[in-house]
Amino acid sequence: MALDGIVIANIAAELSDKLTGARISKIAQPEADELLLTIKAQTGQYRLLLSAGASLPLIYLTNTNKPSPMVAPNFCMLLRKHIANGKILRIWQPGLERILHFEIEHYNEMGDLCRKDLILELMGKHSNLIFCDETGMIIDSIKHVGAMTSSIREVLPGRQYFIAVTQEKCDPLATSEEEFRTSVFAKPMPLAKAIYTSYTGISPLIAEELCFRAGLESAQSANSFDELSQLHLYRTFELLMEDVKEKRFSPAIIYESIGDSTETIPVEFASLPLTMYVDSSGTPTSPRYSIRRFDSPSEMLEQYYAMKNTVTRIRQKSSDLRRITTTALDRCRKKYALQVKQLADTDKRDKYRIYGELIHAYGYGVEPGAKSFEALNYYTNEMMTVPLDPTLTAQENAQKYFDKYNKLKRTYEHLSELVQETKAEIEHLESICAFMDMALSEEDLIQVKEELTDAGYIRRRYTGKKVKITSRPYHYVSADGYDIYVGKNNYQNDELTFRFASGGDWWFHAKGAPGSHVIVKAGGTMPPDSTFEDAARLAAFYSRNREAGKVEIDYVEKKQVKKPNGAKPGFVVYYTNYSMTIDTDISRIRLVSD
């Protein structure tokens, strides 16, 4: 979710507590729309990140430093000129707007004491960092907004700063019961939407939370509730706003497990308790959810977006690979469908052969110019009508059918090979897509790209340097102490199965789905059932079917697994195996960092 006014209020409270009276030591602009301020306070040194990025506006305290460009941008130089070594007098938020003001006191070049206002607006694509003098006149901004860009407000040097009002919303911190009823319950729209479209700083998440706390259906039309329900929701809203006014914040991130696994991803964050995910006793309302609480909203935001950025960055890095793979996969699927259709057309080849044989057997009695004749099909012992070309002799008709049969037979033999090749290519590309979905680092993508290059989907560029492969298979240890290895791509699958594993080790794979080869190093012993189950869970989790509740797993001794000549990377065959159906919960299996 995006930052809402309540999270901003939490950030403002934290920054006011830690940075009021502190001095700005360093000013850097590591990105075109981002500032990193180093601030020295009596309690220590802090780094404050302020980002006006259109896709990810942010503000939080961090311990992480970022490299700055060799030449500082103009906006950074301007701030250094005016507020370097300036003292932060006040940090405040107007109402519950997604805006923070930093009032800074400094001495100008004449030695006079001056005040400036650095304003961060966290409003999605309209986010900006605006630097104003004490009268509210804009000195400069990190993004210039002219009349051609916005008809509501210009953000240019020399213009007066004001908050753009694009929607008629009320201040939730100063609302009355009558105003609440008029603003929310008069609207013919879902109740949650009526709340967040009526009040500044209230996000859809908080609107849903309010409905949940009040026990009202968020999707029900707001104008359909009775007076008692209206009063109950207002009292709930009032209590929540009281927490904001009294700064009773409890920043936390809600995590959701992947499939049935307890490996989690962050789904929501908030500065007030989300009782629809976790009840008042701290117990998640569903086994899928878990919570992590933070003492600082900065720590919450940094943790949340660090994890989100990892997934986003990998998605961005793999976008070209995904496009290439998807394009090739679509082409192969169309080709496969056409080949299967053409192959089905060859099914009538045996009929033509039988026609020819019957003409040879019984054609001596056919009158010249006949268009057909009846004969006993000695294969089925049934009568069959054999069509004839009246312009041809019986011998010529028979030869015509044999020619058709031979042509379709050759087509069938050729197409059968092509269909198998195309099917193998589709399975190979689907496995590459699955491994791209599982990639957690750029190193994991390097080997996937190398596989696409070796397969001819990407043209190899000869730079004189060998591609450095640093990605390694996952190494887990079962509760019984057995080492379990999981391939991250098809090359690693082949490496694990045919070069790393020995004949007595055990091999696991999701049945009928692209995924990782999983090897249990048996060491000449028979692993216990719990180790088999752990390995099966890993095979289930690292497969395309990981989102399913249960996954069927094939497992067999490694010596039973063979690789056909010329097969695609990762493709194997086995003719005898055991099977089990199991969940994808790998939380209790220990991952080893090799």
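How many residues apart are Arg537 and Asp534 in helix 13? I counted three residues, about one turn of the helix. I noted that the model is predicted.

I looked at the side chains of Arg537 and Asp534. They meet in a salt bridge, 3.7 Å from N to O. Arg537 is buried because its relative accessible area is 14%, and buried means under 20%. Asp534 has 11% relative accessibility, so Asp534 counts as buried too.

**Entry on helix 5.** I found a salt bridge between Arg213 and Glu209, with the closest N and O atoms 2.7 Å apart. Why about one helical turn between them? Arg213 and Glu209 are four residues apart in helix 5 (residues 204-214). Glu209 is buried at 1% relative accessibility. Arg213 is partly exposed at 29%.

**Entry on other salt bridges.** I noted a total of 23 salt bridges in the structure. One of them joins the side chains of Glu557 and Lys559 at 3.9 Å, N to O. Glu557 is partly exposed at 24% relative accessibility. Lys559 is partly exposed at 44%. I also found Glu177, Arg181, Arg235 and Glu238 linked in a salt-bridge network.

**Entry on helix 2.** I checked residues 74-83. Phe75, Cys76, Leu78, Leu79, His82 and Ile83 are buried there. They lie on the same side of helix 2 because they cover an arc of only 160° around the axis. The face turned away from that buried side carries exposed Asn74 and Lys81.

I marked a positive patch formed by Lys348, Lys351, Lys400 and Lys404. Lys400 sits in helix 10 (residues 394-438). Lys400 is partly exposed, at 34% relative accessibility.

Definitions and conventions
Residues numbered from 1 in each chain as written. Predicted model: local features only at pLDDT ≥ 70, side-chain atom pairs only at ≥ 80, totals over all residues. Heavy atoms only, no water. Patch = residues over 30% accessible without salt bridge, like charges linked within 9 Å, V, L, I, M, F, W, Y side chains within 5 Å. Areas by Shrake-Rupley, 256 points an atom, 1.4 Å probe, with all protein chains shown as cover. Salt bridge = Lys/Arg side-chain N within 4 Å of Asp/Glu carboxyl O. Lys, Arg positive; Asp, Glu negative; His and termini not counted. Charge placed at Lys NZ, Arg CZ, Asp CG, Glu CD. Helix = DSSP H or I, 4+ residues; strand = E, 2+ residues; numbered from the N terminus. Buried < 20%, exposed > 50% of the residue type's maximum accessible area, 1.4 Å probe, protein only. Arc of directions from axis to C-beta.
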